[in-house]
Structures are given as structure tokens and as C-alpha cells.
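Let's take a walk through this protein chain, from its overall layout down to a few aromatic side chains. Have the model open as you read.

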Amino acid sequence: MDSPSNSTTPRGGFLLQGFFEFPQLRPLLFLVLLAVHLATLSGNLLILVAVVSVPSRPPMLLFLCQLSAIELCYTLVVVPRSLADLSMPGHGSRGSPISFLGCAVQMQMFVALGGAECFLLAAMAYDRYVAICHPLRYASIVTPGLCARLALACCLGGLAVSVGLTVAVFHLPFCGSRLLVHFFCDITALLHLACTRSYVDELPLLGACLVLLLLPSVLILTSYGAIASALRHLHGGGGRRKAASTCASHLAVTFLHYGCATFMYVRPKSSYSPRLDRTVALVYTNVTPLLYPLIYSLRNREITSAIHRVLGLRGSGSV
């Protein structure tokens, strides 16, 4: 690693290497990512339109609407730029330039949206807890006003953490090279380029992980602990299966989101592997947002009914 005395602040910006070192793979990768991106946009837009078309929207549908909106913005922050870079062969193996400010804005928006999703998944777990453990009081507790306040709190929480983390990361000194071995301005790629020798400089990321991952995880585990206890005392296998099925899609999305985030960010800088991190990021920025609408459309009867109504199809489940 370069010494701190050789560190600089890259006012001219960075170079995103992307996948420029694989010129023969890039056309195929472009086509695959374009297809996945269009499918992701279509799936999440379909859920948004389906929820809007429902005359009376249960709180869970409002949460799903916000989740789809977050996923739409999440992919739009990263994927279009990546597709543009893949379609332009002129940069050789050096990478595509991105300004210092542009890189900071991209990282801040990426963290803000990911953080808002972490908080939203915790709010959805609370919704499931009230629905299963206090069904008679559900309508009086989970009101539209509470849903709106929770939605706003999720967005503001993600925004606050992202601004603090972005300021901390971009105040670090960066060593000679401006090349980020990544296709967007991810935290791990920037920290790998920073001239840091102590764990003190990694504390902002640790703090962000505590707020965005640990705190919501505790809330989710507490909610599902109470749900599991309630299901054990529920008489009748049919009622137990129906209650459990309402949680299945939320649990699947939660494991996907928190699993990827934990693997990527809850580890010391010494364990970073830029090329491996880039490959994993390719999955969680493209594949997992595509899986979310598939999971909910297959597991949630209200969403299935709304989608069929929008598409003009018959059948499929009661709202």
C-alpha cells in the first residue's frame, strides 16, 4: 500500500474499471444485464401499478409499493451507467471516468436506498407481527397514518446514515491510483483505494452497519420470535399454514437483502477482494431486485390478484 504521504484527494475523479479487462465477454454481459434490467423494471412497475389499482389497500400492499419503488430507484442508480460503460469500447482497459462529486452522489444514493430498504423490511416484520399476534386490533394499530409515518422514517433514516457515511468516506486520503476495480462507486472499492492503516478509518462503515443491519435485524428477529410463539399456540394446522405463508415472501426477501449486505460490508478492509466483490455486487444489484417481484407475485395472493386485474386475466385468489 502507498504511504499516507503519497496520498491525494482525486479532484479529477475516479476511473471505474467495470469489465473493461474482458472485451470478449462484454457484449454478452451487456445483453444479459439489459434483459435482467428490463425485466426488473417491468416487474416492479407492474407491482406499483397493481397496488395503485386496488381500491382498498391493506397496509402490507402499501409497504410492498414502497419496496418496489425503492428497488426501481436502486437499480436505476447503478445499472444504466454500467450498461452505458459496457456499450462503449473506447476506454480500453483503463476504465470509464466518473467525477469526484458524481461518485459521491452515486454512493450516497445507493446507501440511502439500501438503508431505507433495511428499515422498511423491519416495518414489514412489525406489520406481520401485529396481523398474526393481535389480529383483532390490527386495523386500529396499523393505520394508514402509521404506514405513512413509518415509510417517511425509513427514507429519512436511510438518508441520514448515507450522508454521514459518504462524508466520512470521501474525507479519507486516497492513494496514487484512481482506478476503482468495480462498475460503480461502492463503499468497499473506495475503502480499498483509501490510504488507511488503522481500523479507526473503518468505524463509519461499522457504525452504518450497526444502524442499518443490526438494529433492524433485532427488530425483525423479535417480531418473528413473537410470531413463532403465537403460531405454536394456534389451533388447527390450516390456520397455522395460512399465517406462516403470509410471512414466507417477507422472510425470503429479508434473507436475500441482509445476507448480501452482511457478506459485503460486515468485514474488515484486510479481507476485501476487489474482483470478487465486483462479482458479488453484480448479483445483488441485478439479480436480487429481479427476484423480489417474482417472490411477492408468487407468494402474496393480494398482489397476485391485483396483477391479474391489471393484466386483464381471470382467476387467482381473493384479496
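**Overall layout**

Keep in mind that this is a predicted model. The protein chain has 10 helices and three strands. Reading from the N terminus, the order of elements is β-α-α-β-α-α-α-β-α-α-α-α-α. Of its 319 residues, 48% count as buried. The chain exposes about 14,800 Å², and carbon and sulfur atoms supply 70% of that area. Among contacts between residues at least 6 apart in sequence, 82% join residues at least 24 apart.

**Annotated spans**

The unreviewed UniProt entry carries the annotation "transmembrane region" for several stretches, including 60-79, 100-126 and 205-231. Residues 60-79 are 100% helix in the model, with end C-alpha atoms 28 Å apart. Residues 205-231 are 100% helix too, and there the end C-alpha atoms lie 37 Å apart.

**The sheet**

The three strands make an open sheet in the order E2-E1-E3, with mixed pairing. Strands E2 (96-98) and E3 (179-180) sit at the edges with a single partner strand each, so one side of each has no neighbour in the sheet. E1 (residues 14-16) pairs with E2 in the antiparallel sense over three bridges. Within that pairing, Phe 14 has Ile 98 of E2 as its bridge partner. Helix H3 (residues 100-133) lies across E1, E2 and E3, and runs at about 85° to E2.

**Aromatic pairs**

How many aromatic pairs does the structure hold? There are 11 aromatic pairs, and two of them are set out here.

| Pair | Centre to centre | Angle between planes | Type |
|---|---|---|---|
| Phe 14 and Phe 100 | 6.1 Å | 20° | stacked |
| Phe 110 and Phe 184 | 4.8 Å | 50° | tilted |

Why does the pair of Phe 14 and Phe 100 count as stacked? Planes under 30 degrees apart count as stacked, and the planes of Phe 14 and Phe 100 are at 20°, so this pair qualifies. The pair links distant parts of the chain, with Phe 14 in strand E1 and Phe 100 in helix H3, 86 residues apart. Phe 14 is buried at 0% relative accessibility, and Phe 100 is buried at 15%.

The other pair also links distant parts of the chain: Phe 110 is in helix H3 and Phe 184 is in the loop between E3 and helix H6 (187-193), 74 residues apart. Phe 110 counts as buried at 5% relative accessibility, while Phe 184 is buried with 0%. Both belong to a cluster linked by ring pairs, along with Phe 19, Tyr 74, Phe 183 and Tyr 284.

Notes: Residues numbered from 1 in each chain as written. Predicted model: local features only at pLDDT ≥ 70, side-chain atom pairs only at ≥ 80, totals over all residues. Heavy atoms only, no water. Pairing = 2+ DSSP bridges. Helix = DSSP H or I, 4+ residues; strand = E, 2+ residues; numbered from the N terminus. Contact = heavy atoms within 4.5 Å. Axes fitted to C-alpha atoms, helices over the stretch in contact; angles between N-to-C directions. UniProt positions renumbered as here; feature names shortened; annotations may be inferred. Buried < 20%, exposed > 50% of the residue type's maximum accessible area, 1.4 Å probe, protein only. Areas by Shrake-Rupley, 256 points an atom, 1.4 Å probe, with all protein chains shown as cover. Phe/Tyr/Trp six-rings, centres within 6.5 Å; stacked < 30°, edge-to-face > 60°.
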